[in-house]
Amino acid sequence: ENDDNGDNEPPVLTTKYINGITILSKSETNDKIEFELYENDNFHDLDVNPYDYNQFKIIGVFKTPSSETKNIHAFWYQDFELILDTNWKGTPNGISGQASTNPDEPQGLERAIPTGNPHYRLRYNTQEIGLHDLKINIYLKNKLVQTLNYEFDVIDSGNEYQGVLKVEQTHKRNLVYDNGKTFIAVGQNTSWYTSTTRQSVDYDVWFSKMHENNANFARIWMGVWNFSLHFGDSYDNFDSRQARALRLDKVFNLADEFDIHFMLTFINHGQFSASVNPQWIENPWNVRNGGILSKPYQFFTNAEAKETYKQQLIYIISRWGYSDKVIWELWNEVDWTDNYNALAVTAWHNEMTNVIKEVDAYDHLITTSYKGNTGSAYSSDNIDFANPHDYGYANVNVMEKLVPIIDSLYAKYQKPI
C-alpha cells in the first residue's frame, strides 16, 4: 500500500479521472465527515474493478490544524433509499432465528431503491476543530496519476471525545476508551437481522431497547444472509451487495445514535465449510460458482485468494473505519472450516492483520474466534484480545467455572479475555 504523506510533487497530468469533490455532511468533531468524488468518462473507459485497489485507488491524505495526517482510502458506493412498506401484509420468515410479528413494533417490507449513480466516497473522523487540508491522490495500477486539493473547516460538535476502544496497558486485562475511561461491555449477540421482511429495521428495535436497558455492546456478522460482501454475484466484485452494505451503514449510524459498540465479524465459518453449517456449495469463491477455489481450505493458502481478500479488507476499513464504535473480528469459529490447519490459519491471520494495521488510520482493536477456549492466532501480536467461545455453561455456577478459566487464559495469552 502506498504510504504517501501528501507532500509528493503532483504528477504531470495527462488524463484526469476525477473531476471534483464535495462534502456531504456537517463537518463536526467526533462524528462522520463524508465526501463524494465525481469520476468522469476517462475513469469509466478504464473498465477497472473498483473493489481492487491494485487496479485503481484513491487515497485521501487528511491534515489537521496540528499537522497530524491520516491516509484513508476511498470506497466505491451506490446510494439507496431504504423504505419500510407498512402496507405490505405478508408474514415474515425467520432467518436462523425468530422474526418479530409484534404489532407494537414497526412491521412491513423493507425496500432498497437505488438513487443516483455509483461513485467513490471518503469517510473521516477527527477530534480537532479548525481548517483541515485534504489532498486526494489517485493511482492507476499503483502509479500516482492525479492529485486534487480541498479544504474544509471542522467545528466543535459538543460531543465528548472518547475515541476507539483500546487495551488498558497497565494490567492488559480490560478495555478502555482512547481517552483512558474504562469500558465494561454489557450486551448481546445481534449477529444478523432475523426478519426476511423488515430486515434492517430489526436493528432500530434492538439497539433502541438495548440503550433503554443500559446495554452498550453487540456482535454483528457479515453473514451470508445479511451483510457479507462476497456472497453476491461475485467473490471480488460487490456491486450486487451494495444494498446490503448500505444496510450495514445504517447499523453503524444506529450504533452512534444509541451508543452501542460492536464487533463486526467478517466471515462466519460455514462459508468455507461443506460440513458444519455448510455454505460452501453456494459460495462464490467456489470454482463451481465462478470462483477460484476448488476446496474451502485453499482460502487460507492460495496466493490469489489471499491477495483478493486483502482488497476486501481495505474496502471494509475504508467504508467503516471512521467509526469509533467498531472492533474488527476476522472470523467466527475459524476452526470449524474444512481441513482446518492451525499453522496455515495462524499465518493467514498474521498476513491479514498486517494489512489491517497498515490501512486502518484509527487503529481499531482486532480479534478473531474459535469454537473453544484456545486458538493459536490469539498469540499473534496483532490480535488484541482473545475471544473464546464456550457453550458449556448451562446449569452450572458461572462464577465458579468461568473465573478460573479466564485467569488461566489470561496467563496463557497475556491479553484481555
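1. Lys357 is partly exposed, at 31% relative accessibility. Here, buried means under 20% relative accessible area, exposed means over 50%, and partly exposed lies in between (1.4 Å probe, protein chains only). Asp384 is buried, with a relative accessible area of 17%.

2. This is a predicted model, where local features need pLDDT of at least 70, side-chain atom pairs count only at pLDDT 80 or more, and totals for chains, interfaces and linings use all residues. Residues are numbered from 1 along each chain as its sequence is written, and side-chain values use heavy atoms, with hydrogens and water left out.

3. Lys357 and Asp384 form a salt bridge, 3.8 Å from N to O. The term means a side-chain nitrogen of Lys or Arg within 4 Å of a carboxyl oxygen of Asp or Glu. The pair links distant parts of the chain, 27 residues apart: Lys357 sits in helix H5, Asp384 in the loop between strand E16 (366-367) and helix H6 (398-413). Helices (H or I, at least four residues) and strands (E, at least two) are DSSP runs, numbered from the N terminus.

4. Glu351 pairs with Lys306 in another salt bridge, with the closest N and O atoms 3.1 Å apart. Glu351 lies in helix H5 (residues 342-359) and Lys306 in helix H4 (residues 303-320), 45 residues apart. Glu351 is partly exposed at 25%. Lys306 is buried at 17%.

5. Glu28 and Lys26 also form a salt bridge, at 3.9 Å between the closest N and O atoms. Glu28 is buried at 16%, whereas Lys26 is exposed at 60%.

6. The whole structure holds 25 salt bridges.
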